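Visitor: I would like to know what stands behind the words used for a structure like this. Can we go term by term?

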2 protein chains.
Amino acid sequence: MYSVAIMGATGAVGADLLRTLERRNFPVASIKLLASERSAGKTLNFRGQTHTVELLTHDSFEGVDLVLASAGGSISTEFVPSAVKAGAVVVDNTSAFRMDEGVPLVVPEVNGDAVAGHKGIIANPNCSTIIMLMALAPIHRAAGLKRVVVSTYQAASGAGQAGMEELLEHSRHVLDGTPAPAAEKFAHSLAFNCIPHVDVFLDNGYSREEMKMVHETHKILGDDSIGITVTTVRVPVIRCHSESINIETHRKLSADEARAILAGAAGVEVVDDLARNMYPLATRAAHEEATFVGRIREDDTIANGLNLWVVGDQLLKGAALNTVQIAEILAERGLLAAKAKA
Amino acid sequence: MYSVAIMGATGAVGADLLRTLERRNFPVASIKLLASERSAGKTLNFRGQTHTVELLTHDSFEGVDLVLASAGGSISTEFVPSAVKAGAVVVDNTSAFRMDEGVPLVVPEVNGDAVAGHKGIIANPNCSTIIMLMALAPIHRAAGLKRVVVSTYQAASGAGQAGMEELLEHSRHVLDGTPAPAAEKFAHSLAFNCIPHVDVFLDNGYSREEMKMVHETHKILGDDSIGITVTTVRVPVIRCHSESINIETHRKLSADEARAILAGAAGVEVVDDLARNMYPLATRAAHEEATFVGRIREDDTIANGLNLWVVGDQLLKGAALNTVQIAEILAERGLLAAKAKA
């Protein structure tokens, strides 16, 4: 049983972290909810008990075994080192440490063994990366990925609770024919729109989100040779990301072979019955743990091509669930008892 | 001055056909509005005058010079031959005749000269094809397209006025927390969803919409060697299609060269200023005649790769505008006086 702290407990991912710890019966001895001044003092429910959110400080981690951090990159950069210093193991759901050497970047179904080398921090990948790799890692193992062309259809939840609320509020203004307030969580109003802009733009013309999907995939699969080109797009969907993925593999896979591989992959559900209009849908994937793959078909414009449509819940497999799954592996393998060893 | 008939006058494209004929001052001597029994008797406004919609019959085309047809493929299949027999020239905005030999398939900025060979029918391409080719044809001329990987973000307007209304109605139910009626215009509810299903599915696992984009592109560009693989997706947007396009060209084009080529292309506007969060947006492109291209960047996973984000108004450049532009070319070139010649 572990003493667990949650950084960013009042956010959208924070809420799903609590629900996921409950649902999966993670061995929590005590829970500490941490947030900024704005949210300290609020109360949240965990396993039927009310807990008051405490102000996050550098002294918050005394006696804590496990920190699940999801309060934003700058907060993690500032506070995670204090947690590690206090002897806690941190599973960090921000981009702060993902590309650091010595920090495992883990999707449990893909590279769970990578947790072994941790030095106090394990990073949870970007949500779009996780959802893509749930489908691509089994194919990579079977046939070797050569090149990936992916276009995303990303939900408002990637911008947190306020992002989802802004989408709904702006949508209501469009329906009512009243002017919406200025967009705050997105660069433009997301209501009935598609915005090809997620995270900031970099000098190479790609967004940071697009390059995260490239670099994180290379790190997680341990293979920098895979060509990956990405267009990330925000769409007016509440909490599930969809991805249109075109791949080229080193060895030929038929659509049926790919379907069989994915049907046998942990955490993946194949939904691919065109005669019954069955394929993954953002609205159906909401609150589901699985990543859904469909529209699996051969692309005959290249020798070894496939197209896939992949959908996952951004707040669960893209964030809270993957974070808790990492904690579960750490617990199973005795890698959480940092303090006991010290 | 021409006697013009519109088939499907009461639909979403029909409304934009009337507005486009007005806005562009097409030389209309008289106008005849044709529709099915359900809509006959309704009145519509054209150039300040009220016109009563007449029932479409095989005898509707007496004395008509030009028919703009947008009432659905089966209606065109049935009635367009009668229009041609009566001596009219038909610009058909359905898929009924697009792939027929002897029927020019025309995007005026791309292959306007193809109208010359018409035998009474000129076909207007699929909306997603037109919008894609507005961006790709200039690049094809400059550097030769080798392969195209495209994922679409298609608006509800592709399913007509009823499609747009269903999206808005279902969205309101989601916002109000009340159950929406069953989806009728889409396979599933489109509200806050992405549906990777446009038109029916074919035996090869692709949708007919996806294959239209392949075959129509080959016909319009006159080059079957271009590899084109497509994923078409319906998104909760009202009337503009967006497309994420990855291309491989035979000759290298830098992003700056591509930007310059597109900036000089007729009907195209480059919107690509990342520092000012400027890129094409579905909400901004609505009711605009131009096709907008942005996010132009090199894809270094292949030797000659580029990524583009392309947006156009599905009802205008994707349908009504392109149809009227074809009629304009026919008029300019004296190709409408079929009856006078007879």
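Guide: Start with helix 2 (residues 73–85) of chain A, which lies across strand 1, strand 6, strand 7 and strand 8 of chain A in this predicted model.

Visitor: What angle does helix 2 of chain A make with strand 7 of chain A?

Guide: Helix 2 runs at about 160 degrees to strand 7 of chain A. Angles here run from 0 to 180 degrees between N-to-C directions.

Visitor: What makes strand 6 and strand 7 of chain A a pair?

Guide: A pair needs at least two bridges. Strand 6 (residues 66–69) and strand 7 (residues 89–92) of chain A have four bridges, in the parallel sense. So they count as paired. One of the links joins A:Val67 to its bridge partner A:Val90 in strand 7.

Visitor: Why is the sheet of chain A with the order 5-2-1-6-7-8 called open?

Guide: Look at its ends. Strand 5 (54–55) and strand 8 (121–123) of chain A each have a single partner strand, so one side of each is left without a neighbour in the sheet. The sheet has six strands, and the pairing is parallel.

Visitor: Which pairing does the sheet 10-9-11-14-13-12 of chain B show?

Guide: Its pairing is mixed, and this sheet of six strands is open too. Strand 10 and strand 12 (268–270) of chain B stand at the edges, each with a single partner strand, so one side of each lacks a neighbour in the sheet. On average, neighbouring strands are turned by 25 degrees against each other, direction ignored.

Visitor: How do you know that strand 9 and strand 11 of chain B are paired?

Guide: Eight bridges join strand 9 to strand 11 of chain B, and the two run antiparallel. The cut-off is at least two bridges. So the pair qualifies. B:Leu145 has B:Thr249 in strand 11 as its bridge partner.

Visitor: Which helices pack on this sheet of chain B?

Guide: Helix 6 (residues 208–221) of chain B touches strand 9 and strand 10, at about 155 degrees to strand 10. Helix 9 (residues 316–332) of chain B touches strand 11, strand 13 and strand 14, at about 60 degrees to strand 14.

Visitor: Why are the two copies said to be related as by a two-fold rotation axis?

Guide: Chain B can be laid on chain A by a turn of 180 degrees and a shift of 0.0 Å along the axis, with an RMSD of 0.0 Å. The two copies are thus related as by a two-fold rotation axis. The same surface serves both, as 100% of the contact residues of chain B recur in chain A.

Visitor: How many residues does the contact take from each chain?

Guide: It takes 47 residues from chain B and 47 residues from chain A. Several elements of chain B each supply at least two residues, including strand 9 (145–153), helix 5 (160–176) and strand 13 (291–299). The side of chain B that touches chain A has 24 nonpolar, 18 polar and five charged residues.

Technical notes. Residues numbered from 1 in each chain as written. Chains lettered and ligands numbered in written order. Predicted model: local features only at pLDDT ≥ 70, side-chain atom pairs only at ≥ 80, totals over all residues. Least-squares fit on C-alpha atoms with pLDDT ≥ 70 in both. Contact = placed C-beta atoms within 7 Å. Nonpolar A, V, L, I, M, F, W, Y, C, P; charged D, E, K, R; others polar.
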